[in-house]
Amino acid sequence: MSAHLEPYEHTPVSRPDDPRLGDLVRFSRDGQLAAGSCVAILGFPSDEGVRINDGRPGAAAGPDRIRKFLYAMTPDARAADSHSSLLASTTDLGNVRCSGHVAEDQQRLGEVLAPLIKQGVIPILLGGGHETSFGHFLGYVLAGRKVSILNIDAHPDVRPLVDGRPHSGSPFRQALEHSSGACHRYDVAGLNPQSVARAHVEFVASRGGRCFWNGEFTIGDLEALIADSSVPLMTTFDLDAVDGALAPGVSAPAAHGLPPSLWLQLAHVAGRSSQVTSMDIVELNPLYDVDDRTARLAALTVWQFLRGIVHRNRP
């Protein structure tokens with residue numbers, strides 16, 4: 001077993017005539033990919049970055065809560081064979097062991113991801129706070145690859161460090177300023193104008209990025225942006241971009257956010273594009289969830305991304 005990982009313990013509950021994702025995905029006991037895997041699922045149970053950023057802690061419980069609902073879902077009945085085939089080529093590697101020291105944990109995540117990225121495996125990361133995304137980015141740095149970043153979020157998350165400490169609000173400033181120069185471009189969509197500082201928008205623009213405001217962009221806008229990427233693209237989905245009435249279990253709920261229908265369509269579009277080489281979903285906070293609404297939405301987001309992968313290179 002890799003010293004960086006601990007396995008996820010899954011208990012199948014389905015019947016033979018009713019297979020679920022948890023019956024098809026392979027679960028690693030030793031931190032190694034199953035033979036022939038093209039997708040890897042990995043948890044990053046960290047919320048110390050949320051604490052440092054003055055958010056409400058609880059996102060460390062997010063990865064396993066997402067799994068609970070993801071692995072109870074069925075393959076898409078409209079394309080059951082192809083969806084099931086992809087799932088059989090997916091390995092759940094478990095969770096990164098987090099120490100509570102954000103920078104060290106992000107480095108550890110990057111070290112786990114780098115060989116997957118080099119092999120062309122598509123990582124799906126389950127956060128954790130948005131500090132997850134800088135560790136995600138470090139996977140590309142350690143793999144020696146340039147990457148663009150598309151963030152679906154109510155906030156740009158380009159705040160400075162706090163007393164030299166990284167946090168859930170700083171991952172994309174860190175990526176843009178990283179000495180490797182590996183961040184080719186950073187774009188963010190779903191911003192709520194009442195929650196975004198002018199200086200942060202100007203910082204993104206000064207680095208050549210684009211900001212798309214909640215209610216002022218279409219699926220077509222983001223499809224064009226993804227298609228235009230000249231380097232691999234990592235996508236990150238922060239659940240606080242979704243309307244807080246429908247996704248209450250997050251670190252920073254939004255009074256007026258994206259509708260779930262648009263959010264889920266974005267996940268499918270990202271999965272469908274061969275430019276997108278990894279994704280993360282972050283900021284599920286089960287402590288504040290209601291009827292597991294947010295956890296179920298998070299799981300469905302991953303399901304839609306996987307369904308998108310099935311449809312790559314198809315009309």
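How many cavities of 30 Å³ or more does a search of the whole structure find? The search finds one, where a cavity is a set of points on a 1 Å grid over the protein atoms alone at which a 1.4 Å probe fits but cannot get out. The model is predicted, with local features needing pLDDT of at least 70, side-chain atom pairs counting only at pLDDT 80 or more, and totals for chains, interfaces and linings using all residues. Residues are numbered from 1 along each chain as its sequence is written, and side-chain values use heavy atoms, without hydrogens and water.

**Cavity**

- The largest cavity has a volume of about 40 Å³, a volume being the space filled by probe spheres set on the points.
- Its lining, meaning residues with an atom within 4 Å of a point, consists of Leu-150, Ile-152, Ile-226, Thr-235, Phe-237, Leu-266, Val-269 and Ala-270.
- Two or more lining residues come from each of β6 (147-152), β9 (233-238) and α10 (260-272), and α10 gives the largest share, three residues.

**Helix packing**

- Helix α5 (residues 102-119) packs with helix α6 (residues 132-142) at an angle of about 45°, their axes lying 7 Å apart.

Definitions and conventions: Axes fitted to C-alpha atoms, helices over the stretch in contact; angles between N-to-C directions. Helix = DSSP H or I, 4+ residues; strand = E, 2+ residues; numbered from the N terminus. 1 Å grid on protein atoms, 1.4 Å probe; cavity = no way out; pocket = protein on both sides within 12 Å on 5 of 7 lines; lining within 4 Å.
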